[in-house]
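Please read the report below alongside the sequence and the three-dimensional view, and look up each residue as it is named.

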Amino acid sequence: QVQLVESGGGLVQAGGSLRLSCTAPRDTFFGNYILGWFRQVPGTDREFVAAIRWDGRMTNYADSVKDRFTTARENAKDTVTLQMNSLKPEDTGIYYCAAMSGFTWVRTIYTLPQSYGSWGQGTQVTVSS
């Protein structure tokens with residue numbers, strides 16, 4: 001289990017940008033985890049947004065956010081970020097970061113919420129039209 005804390009959510013107009021951060025305590029050995037971003041709207045399932053491999057050399061995005069969102073990590077600082085540009089009202093939701101232990105970079109695995117053993121508390125993102 002990894003303790004994760006998100007920050008950076010808020011209210012923004014359509015077309016604007018937000019940057020989410022997710023941090024873990026020092027000495028978490030962040031480099032041992034695949035990190036994912038998910039979002040959820042009340043009444044719906046948690047939706048995959050992005051994932052980044054343990055070494056930061058590979059990323060993957062949902063089609064709905066591709067070319068608008070970018071995730072990056074700094075293992076030395078136990079931090080992962082999600083830069084969200086050209087935001088749309090349909091991006092509104094609670095955003096969660098999550099950690100999955102292991103070294104299996106397979107899209108059918110890291111896009112599933114049940115693959116992750118640790119979750120942050122979530123941060124609200126609201127995009128107004």
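This is a predicted model: local features need pLDDT of at least 70, side-chain atom pairs count only at pLDDT 80 or more; totals for chains, interfaces and linings use all residues.

The text that follows goes through a sheet, a disulfide, some loop residues and the aromatic rings.

## The sheet

Strands of a sheet pair through backbone hydrogen bonds, either parallel or antiparallel. Here, an open sheet of 4 strands runs in the order β1-β3-β8-β7, and its pairing is antiparallel. Strand β1, residues 5-7, and strand β7, residues 69-74, stand at the edges with a single partner strand each, so one side of each has no neighbour in the sheet. From one strand to the next, the twist averages 15°.

Between β3, which covers residues 18-23, and β8, which covers residues 79-84, the antiparallel pairing extends over 6 bridges. Within this pair of strands, cysteine 22 stands opposite valine 80 of β8.

## The disulfide

Which partner does cysteine 22 have in a disulfide? The partner is cysteine 97, and the two sulfur atoms are 1.9 Å apart. The link is right-handed, with 55° about the S-S bond. A search of the whole structure finds 1 disulfide.

## Residues in the loops

Most residues other than glycine have a negative phi, and most peptide bonds are trans. Against this background, two residues deserve a look. Phenylalanine 29 is not a glycine, and yet its phi is positive, at about 60°; this residue is found in the loop between β3 and β4, the latter being residues 33-40. Aspartate 78, which is likewise a residue other than glycine, has a positive phi near 55°, and aspartate 78 is found in the loop between β7 and β8.

| Residue | Relative accessibility | Class |
|---|---|---|
| Phenylalanine 29 | 60% | exposed |
| Aspartate 78 | 7% | buried |
| Arginine 53 | 18% | buried |
| Valine 41 | 38% | partly exposed |

Arginine 53 lies in the loop between β5, residues 47-52, and β6, residues 59-61. Its side chain makes a polar contact of 2.7 Å with the side chain of aspartate 55. If residues up to four places away in sequence are not counted, arginine 53 touches Tyr33, Met58, Arg73 and Trp105.

Valine 41 is found in the loop between β4 and β5. Although valine 41 and isoleucine 94 are 53 residues apart along the chain, their C-alpha atoms are separated by 6.5 Å. Leaving aside neighbours within four places in sequence, valine 41 is in contact with Thr92 and Gly93.

## The aromatic rings

A pair of aromatic rings is described by the distance of the centres and the angle of the planes. How many aromatic pairs are there in this model? The count comes to 8 aromatic pairs. One of them joins phenylalanine 38 and tyrosine 116, whose ring centres are 5.2 Å apart and whose planes stand at 80°, so the pair is edge-to-face. Because phenylalanine 38 lies in strand β4, while tyrosine 116 lies in the loop between α1, residues 107-110, and β10, residues 118-119, the pair ties together parts that are 78 residues apart in sequence. Phenylalanine 38 and tyrosine 116 are both buried.

Another aromatic pair is formed by phenylalanine 48 and tyrosine 110, and this one is tilted, with 6.2 Å from centre to centre and 45° between the planes. Phenylalanine 48 sits in strand β5 and tyrosine 110 in helix α1, and the pair links distant parts of the chain that are 62 residues apart. Phenylalanine 48 is buried at a relative accessible area of 10%, and tyrosine 110 is buried at 3%.

Methods: Residues are numbered from 1 along each chain as its sequence is written. Side-chain values use heavy atoms; hydrogens and water are left out. Two strands pair if DSSP finds at least two bridges between them. Helices (H or I, at least four residues) and strands (E, at least two) are DSSP runs, numbered from the N terminus. Axes are lines fitted to C-alpha atoms, for helices over the stretch in contact, and angles run from 0 to 180 degrees between N-to-C directions. A disulfide is a pair of cysteine sulfur atoms within 2.5 Å. Buried means under 20% relative accessible area, exposed over 50%, partly exposed in between (1.4 Å probe, protein chains only). A polar contact is a pair of N or O atoms within 3.5 Å; within protein, one must be able to donate a hydrogen and the other to accept it, and residues adjacent in sequence count only if both atoms are side-chain atoms. Contact means heavy atoms within 4.5 Å. Rings of Phe, Tyr and Trp (its six-membered ring) pair if their centres lie within 6.5 Å; planes under 30 degrees apart count as stacked, over 60 as edge-to-face and the rest as tilted.
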